[in-house]
Amino acid sequence: MLNRTSVTEFLLLPVTDIQVLQPVLFVLFLAIYIVNVAGNGAILMVVTSDPRLHSPMYFFLGNLACIDICFSTVSLPKMLENFLSTHKAISFLGCISQLHFFHFMGSTEAMLLAVMGFDRFVAICKPLHYTLIMNHQVCIQMAVTVWIIGFFHALLHSVMTSRLNFCGSNQINHFFCDIKPLLKLACGNTELNWWLVNNVTGTIATGACFLTFLSYFYIIIYLFFKTHSCSMLRKALSTCASHFVVVVLFHVPGVFVYIHPASSSSMDQDQISALMFNGVTPVLNPLI
């Protein structure tokens, strides 16, 4: 079936309609983006260059830093451009590409956080078997697997969305191209697309979130019932605390956006949540 769309570009919604705030927000989000790239870039450089950090935990941390840089780069540069532009447009191909890479990075990070939670579980609960279970080959296989699943998950959405017919308004009720706002503009039957969002994306989001919190549940149970040393308990908890904070900051707004039903009243809340895990969370990760 050929794509019958008559729309060649989409108009993006500004973050705010108050003109006097546009320069202020431009400076704010430019600073956020620079700190994000510099902070995560520094982590990536240190992890790859220092042989002492070639361990599973820092290997996955390097992957997380790379994802966070790409994640913000998908939408923040375009948002910064729109702060200074009166014509806030994005081409049809650019919109589909933005949608693809946003969900590619988002789903990959969700699954990577679950893998990092499992790594902490093995390190704390099975320390004698840690080097055997989390050897170099296994770590690479885990990382490659989550990147591949994330890519094909995003490819599924981008292909299915690009085949829709957009024959009416081209005003996207969002500051970047995401699935829900685009589906609301599509003409014709979008039931399959909504099914993919609710079931495929929902399963990846909730599944990764569940597995991550399950790892920390077992860690907490293990520490409180099998660890008799206060110093060991404190050391283990401090090791996991930063990762747990990153998990909460990422999953809470992400699950809120893609699990609850779409409605016109929820779009503003979706934009706030998207700003959190798309702009704020990646810049907080290196600081945490």
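Mentor: A definition comes first: a disulfide is a pair of cysteine sulfur atoms within 2.5 Å. The sulfur of C66 is 4.4 Å from the closest cysteine sulfur, in C70, which is too far for a bond. Please keep in mind that this is a predicted model, in which local features need pLDDT of at least 70, side-chain atom pairs count only at pLDDT 80 or more, and totals for chains, interfaces and linings use all residues. Residues are numbered from 1 along each chain as its sequence is written, and side-chain values use heavy atoms, with hydrogens and water left out.

Trainee: Is C66 buried, partly exposed or exposed?

Mentor: C66 counts as partly exposed, because its relative accessibility is 27%. Buried means under 20% relative accessible area, exposed means over 50%, and partly exposed is in between, with a 1.4 Å probe and protein chains only. C125, by contrast, is buried, with a relative accessible area of 14%.

Trainee: How many disulfides does the count come to?

Mentor: The count comes to two disulfides. In one, C95 and C177 are joined, with their sulfur atoms 2.0 Å apart. This pair links distant parts of the chain, 82 residues apart: C95 is in helix α3 (residues 92-125), and C177 is in the loop between β3 (171-172) and α6 (179-185). Such helices (H or I, at least four residues) and strands (E, at least two) are DSSP runs, numbered from the N terminus.

Trainee: Why is the disulfide of C95 and C177 called left-handed?

Mentor: The torsion about the S-S bond of C95 and C177 is about -120°, so the disulfide is left-handed. C95 counts as buried at 0% relative accessibility, and C177 is also buried at 0%.

Trainee: And what do C167 and C187 form?

Mentor: C167 and C187 form a disulfide, with sulfur atoms 2.0 Å apart. C167 lies in the loop between α5 (136-162) and β3, and C187 in the loop between α6 and α7 (191-226), so the pair ties together parts that are 20 residues apart in sequence. The link of C167 and C187 is left-handed, with -115° about the S-S bond. C167 is partly exposed, with a relative accessible area of 45%, and C187 is partly exposed at 22%. With the bonded cysteines of the protein chain numbered in sequence order, the pairing is 1-3, 2-4.

Trainee: Let us change topic. How many aromatic pairs are there?

Mentor: The count comes to 15 aromatic pairs. Rings of Phe, Tyr and Trp (its six-membered ring) pair if their centres lie within 6.5 Å; planes under 30 degrees apart count as stacked, over 60 as edge-to-face and the rest as tilted. The rings of F102 and F176 have centres 4.6 Å apart and planes at 50°, so this pair is tilted. F102 is in helix α3 and F176 in the loop between β3 and α6, 74 residues apart, and the pair links distant parts of the chain.

Trainee: Are F102 and F176 buried or exposed?

Mentor: F102 is buried, with a relative accessible area of 2%, and F176 is buried at 0%. Elsewhere, F101, F104, W147, F151 and F152 form one aromatic cluster.

Trainee: Which residues lie nearest the centre of the largest pocket?

Mentor: M57, L61, M116, S242 and H243 lie nearest its centre, among 20 lining residues. The largest share of this lining, eight residues, comes from α2.

Trainee: How many cavities does the structure hold?

Mentor: The structure holds two cavities of 30 Å³ or more. The second largest cavity has about 60 Å³ of space, and its lining includes L13, P14, M79 and F175. Helix α2 (residues 56-83) gives the most to that lining, with three residues.

Technical notes. On a 1 Å grid over the protein atoms alone, a cavity is a set of points where a 1.4 Å probe fits but cannot get out, and a pocket is an open set with protein on both sides within 12 Å along at least five of seven lines; lining residues have an atom within 4 Å of a point. Grid points are joined across faces, edges and corners, and a volume is the space filled by probe spheres set on the points.
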